[in-house]
Amino acid sequence: GINAEYMGSRLRRKMEEEQEKAFEKYLVDKIKEDLQREEEVNKEKRKLQTLMSKRTLEENLERKRKAVEDQENEKVENIQLMEAYIKLSEEQERQRAEEMRAREERIQKMMDHSKNTVIKEHDQKEKMLVQKLKKWEELQERRMQKQDQRQQMK
């Protein structure tokens, strides 16, 4: 009976050892599996972080490019506004010069007209004076003739 008991206890111990080994292997496999899963999760996280970093970098670059483009557009717009302002100023200056020339021309015409009017009036007055003088001379001449005739009659 001892032998059977001994064999039974050995068998039991062997089974317990095998069970323990199987349980340890299960635990080791489970730990390995967990570590592997954790490593995969970490890889995914790193991949995601890399993607996010790339996306952030690309967004920053796009934002910078857009800011530079906006600055360039603003410069171009400012240059166009300055050119338009200069053109407008030049046009206003040209119009002022034209108005000044036209005003001077009108003044000159008025002065010429006034001068001509004064000359005409002077000429008319002179003609009238000459006519009056002629009439007076004619009148004087007739008087003298009458006087001469009277004296000859005497």
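Predicted model: local features only at pLDDT ≥ 70, side-chain atom pairs only at ≥ 80, totals over all residues.

Student: How many residues apart are Lys66 and Asp70 in helix 1?

Tutor: Helices (H or I, at least four residues) and strands (E, at least two) are DSSP runs, numbered from the N terminus. Lys66 and Asp70 are 4 residues apart in helix 1, so about one helical turn separates them. Their side chains meet in a salt bridge (3.1 Å, N to O). The term denotes a side-chain nitrogen of Lys or Arg within 4 Å of a carboxyl oxygen of Asp or Glu.

Student: Is Lys66 buried, partly exposed or exposed?

Tutor: Buried means under 20% relative accessible area, exposed over 50%, and partly exposed in between (1.4 Å probe, protein chains only). Lys66 is partly exposed because its relative accessible area is 40%; Asp70, at 37%, is partly exposed as well.

Student: How many salt bridges does a search of the whole structure find?

Tutor: The search finds 14 salt bridges. Among them, Arg96 and Glu93 pair at 3.2 Å, N to O; both lie in helix 1, 3 residues apart, about one turn of the helix. Arg96 is partly exposed at 48%, and Glu93 is partly exposed at 46%. Salt bridges that share partners also join Glu33, Asp34 and Arg37 into one network.

Student: Which residues gather in a patch of negative charge on the surface?

Tutor: Patches are made of residues with over 30% relative accessible area and no salt bridge, like charges being joined within 9 Å. Lys and Arg count as positive and Asp and Glu as negative; His and the chain ends are not counted. Here the negative patch comprises Glu16, Glu17, Glu18, Glu20 and Glu24. Glu16 is found in helix 1 (residues 2–153) and counts as partly exposed because its relative accessibility is 44%.

Student: Which residues gather in a patch of positive charge on the surface?

Tutor: Arg10, Arg13, Lys14 and Lys21 form that patch. Lys21 also belongs to helix 1, and its relative accessible area of 60% makes Lys21 exposed.

Terms used
Residues numbered from 1 in each chain as written. Heavy atoms only, no water. Patch = residues over 30% accessible without salt bridge, like charges linked within 9 Å, V, L, I, M, F, W, Y side chains within 5 Å. Areas by Shrake-Rupley, 256 points an atom, 1.4 Å probe, with all protein chains shown as cover. Charge placed at Lys NZ, Arg CZ, Asp CG, Glu CD.
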